[in-house]
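Hi,

Here is the structure I promised to pass on. Have a look at it first, and my notes follow below.

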Amino acid sequence: MLDGEAESAPLLGHKDHGPQKSVRRYLTDRVDVHYAPLNLLVCCFLVGLIDAASYNTWSVFMSMQTGMYHLQPISPFSLTDPPPRAGNTIFLALSTANLPAGSDSFKWARSAVSILSMMVGSLIAGRAYAAVGLTRRFTLIASFLLQALCIATAAILVQTDAVPETDATDKIVLIAIPFLAAQSGAQVATAKSLGFSELPTTVLTSTYNDLASDIHLLAWDNPKRDRRVASVVLMMLGAIAGSWLDKGTGTLTAVLWLGAGVKVILAFSWLLFPAESG
């Protein structure tokens with residue numbers, strides 16, 4: 001082999017993987033979580049959206065597992081009855097005494113499945129984040145895509161009539177609940193793992209308490225207060241949107257497809273986040 005050929009042989013044996021390496025490096029970069037609350041606040045909106053519609057359809061929440069309660073029978077969208085203010089843990093406890101009066105006897109099962117499914121979702125997400133690194137870009141993208149897939153699966157089950165919307169007492173409803181509650185649990189695990197405890201994204205009891213007890217509530221520069229207030233407003237707006245969309249379309253599927261679509265957008269939005277410096 002000539003000297004020139006010998007010198008060029010090793011170079012020819014290695015293909016240039018520059019673009020592929022750049023993509024791989026970009027996806028494995030740790031993102032700067034400074035702007036992560038933007039996505040978590042959108043998640044607050046989605047919780048209100050899905051919980052309002054799921055309660056109206058099946059009398060069970062997919063995210064709010066605790067809460068205040070009202071002992072009177074509730075008629076969704078009624079102008080005279082108070083709005084639902086209970087969480088699944090309270091529903092589960094009340095069902096042992098067959099309360100609220102007039103409620104169906106199968107509510108305890110729906111509540112229990114929702115609670116357990118949310119815990120499973122949090123467990124799986126938490127272990128996955130610990131294993132591969134939460135703030136890596138591909139981890140966040142994969143997590144939100146899986147959450148979107150769970151919502152889409154529930155939407156397909158309802159749209160194809162595999163799971164009924166008109167009869168909450170039908171045991172087949174228990175097939176759809178785990179998908180919605182588990183993705184909510186993964187969402188909570190994401191918020192907690194990212195370090196934004198003021199944005200649990202699911203319930204507002206602690207948020208209200210933290211706002212009221214914040215000695216710097218009226219301070220000009222208070223990012224945590226700002227995020228808490230925004231989470232309250234967005235969850236309320238989500239619940240209003242879910243209520244009217246469910247009422248206007250007469251079906252839960254429109255709400256679920258919207259929720260799944262927004263989760264997909266959130267998943268790919270992590271591509272726009274800058275990498276962690278240093």
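To start you off: which backbone nitrogen lies 2.9 Å from a polar atom of the side chain of aspartate 214? The backbone nitrogen of histidine 216 does, a polar contact in the sense of two N or O atoms within 3.5 Å, where one must be able to donate a hydrogen and the other to accept it, and where residues adjacent in sequence count only if both atoms are side-chain atoms.

Before the rest, some housekeeping. This is a predicted model, with local features needing pLDDT of at least 70 and side-chain atom pairs counting only at pLDDT 80 or more, while totals for chains, interfaces and linings use all residues. Residues are numbered from 1 along each chain as its sequence is written, and side-chain values use heavy atoms, with hydrogens and water left out.

Back to aspartate 214, which sits in the loop between α8 (205–213) and α9 (223–249); helices here are DSSP runs of H or I with at least four residues, numbered from the N terminus. Aspartate 214 is buried and has no salt bridge. Arginine 228 is the nearest side chain of opposite charge, at 4.3 Å. Buried means under 20% relative accessible area, exposed over 50%, and partly exposed in between, using a 1.4 Å probe and protein chains only. A salt bridge is a side-chain nitrogen of Lys or Arg within 4 Å of a carboxyl oxygen of Asp or Glu. For charge, Lys and Arg are positive and Asp and Glu negative, with His and the chain ends not counted.

Arginine 228 does have a partner, though: its side chain meets that of aspartate 210 in a salt bridge (3.8 Å, N to O). That pair links distant parts of the chain, with aspartate 210 in helix α8 and arginine 228 in helix α9, 18 residues apart. Arginine 228 counts as buried because its relative accessibility is 12%, whereas aspartate 210, at 26%, is partly exposed.

The whole structure has 3 salt bridges. Another of them joins arginine 227 and glutamate 198 (2.6 Å, N to O). Here helix α9 holds arginine 227 and the loop between α7 and α8 holds glutamate 198, 29 residues apart; both residues are buried. Arginine 225 also pairs with aspartate 226, the closest N and O atoms being 2.8 Å apart. Arginine 225 is buried at 12%, and aspartate 226 is partly exposed at 39%.

Next, the second largest pocket, which holds about 300 Å³ of space. A pocket is an open set of points on a 1 Å grid over the protein atoms alone where a 1.4 Å probe fits, with protein on both sides within 12 Å along at least five of seven lines; lining residues have an atom within 4 Å of a point. The volume is the space filled by probe spheres set on the points, which are joined across faces, edges and corners. Its lining has 16 residues, with Ile124, Ala125, Ser143, Leu146 and Ala186 nearest the centre.

Finally, check two backbone spots. Serine 59 has a positive phi, near 55 degrees, in the loop between α3 (36–58) and α4 (88–95). Aspartate 161 has one near 65 degrees, in the loop between α6 and α7.

Cheers
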